[in-house]
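Student: I have a structure to go through with you. Could we work from the ligand site out to the charged pairs?

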Amino acid sequence: MNKSFGNDDPGLERAIGELYQPEDDVLREIRERARTAGLPEIQVAALDSRHLEVLVRLTGVRKAVEIGTLAGYSGVSIVRGLQPDGVLYTLEYEKKHAEVAAESFRRAGVSARVRQLVGSALDLLPALSKEGPFDFCFIDADKESYDRYLDWAAANLRPGGVVAGDNAFLFGELKEPLGSGSSPAARAMYAFHRRLATSGEFRATVLPTGEGLAVGVKL
Ligand SMILES: C[S@@+](CC[C@H](N)C(=O)[O-])C[C@H]1O[C@@H](n2cnc3c(N)ncnc32)[C@H](O)[C@@H]1O
């Protein structure tokens with residue numbers, strides 16, 4: 001029997017949410033303050049933030065990178081999974097988002113373990129390399145650059161390090177084969193998946209979360 005890919009039964013989602021309580025008061029406050037500040041509501045889902053914390057915990061991460069901070073919702077979850085001496089470098093293009101995130105990290109009591117970098121990720125990443133190699137890299141910014149973010153991760157993760165990419169289904173667009181009408185985001189996402197899946201540099205999979213969470217271990 002070919003079992004299904006994921007499960008979209010809302011009853012099961014509710015039951016798992018009630019059992020695992022992935023959003024505590026700290027994360028709820030971040031989500032609500034970000035909305036009040038007018039930030040787009042595009043942070044990871046509560047259970048996806050728990051996925052991130054657990055992935056980081058099981059990888060024994062000391063040095064993590066996040067591309068796309070927004071209000072710090074996923075960032076707080078990543079820091080929660082770090083080793084006690086661990087650090088998160090998180091990159092954000094929008095100054096206002098970075099300011100809201102700074103407040104989130106302060107309220108969560110994790111500011112000392114977070115280095116916020118403000119600017120275009122593709123401009124910032126080359127200089128960040130000198131802090132590597134890294135144990136974990138979470139990609140969650142502009143989809144048009146996913147392939148280039150993976151290039152950076154492949155070069156800067158240690159063997160055994162983990163790359164995770166959110167929105168791996170590209171909001172359903174991944175169903176369409178690439179063609180002359182494909183968007184730049186679709187081209188980048190296909191290139192991202194092809195490298196993760198077939199280059200031999202990673203052992204990778206896609207967890208069938210609502211958005212699709214691609215996860216690869218660097219070999
Ligand atoms: C989906 S949100 C990140 C959500 C966050 N990871 C969370 O779950 O809490 C994407 C963020 O990436 C930022 N972003 C988009 N393009 C960027 C770029 N080229 N460099 C750095 N940040 C970028 C956006 O401003 C936005 O805040």
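Tutor: First, a term we will need. Buried means under 20% relative accessible area, exposed means over 50%, and partly exposed lies in between. Keep in mind that this is a predicted model.

Student: How many Å separate a nitrogen atom of the ligand from a polar backbone atom of Gly68?

Tutor: Polar contacts here are pairs of N or O atoms within 3.5 Å. A polar backbone atom of Tyr93 lies 3.1 Å from a ligand nitrogen. Tyr149 uses a polar side-chain atom, 3.4 Å from a ligand nitrogen. For the backbone of Gly68, the distance is 2.8 Å.

Student: What percentage of the ligand's accessible area does the protein cover?

Tutor: Take the ligand on its own as the reference. Its accessible area is then 600 Å². The protein covers 88%.

Student: Now the charged pairs. Which residue forms a salt bridge with Asp24?

Tutor: Side chains of opposite charge can pair when their charged atoms come close. Asp24 sits in the loop between helix H1 and helix H2. Its partner is 56 residues away, in helix H4. That partner, at 2.7 Å from N to O, is Arg80.

Student: Is Arg80 buried or exposed, or in between?

Tutor: Its relative accessible area is 26%. The buried class stops under 20%, and exposed starts over 50%. So Arg80 is partly exposed.

Student: Glu23 forms a salt bridge with Arg28. Which class does Glu23 fall in?

Tutor: The closest N and O atoms of Glu23 and Arg28 are 3.7 Å apart. Arg28 has 29% relative accessibility, so Arg28 is partly exposed. Glu23 has 14%, so Glu23 counts as buried.

Student: What separates Glu29 and Arg33 along helix H2?

Tutor: Their side chains meet in a salt bridge, 2.7 Å from N to O. Glu29 is partly exposed at 24%, whereas Arg33 is buried at 17%. The two are 4 residues apart in helix H2, so the separation is about one helical turn.

Student: Which residues are linked with Glu29 and Arg33 in a network of salt bridges?

Tutor: A search of the whole structure finds 18 salt bridges. Some of them link up into a network that includes Glu29 and Arg33.

Notes
Residues numbered from 1 in each chain as written. Predicted model: local features only at pLDDT ≥ 70, side-chain atom pairs only at ≥ 80, totals over all residues. Heavy atoms only, no water. Polar contact = N/O pair within 3.5 Å; in protein donor to acceptor, adjacent residues only side chain to side chain. Areas by Shrake-Rupley, 256 points an atom, 1.4 Å probe, with all protein chains shown as cover. Salt bridge = Lys/Arg side-chain N within 4 Å of Asp/Glu carboxyl O. Buried < 20%, exposed > 50% of the residue type's maximum accessible area, 1.4 Å probe, protein only.
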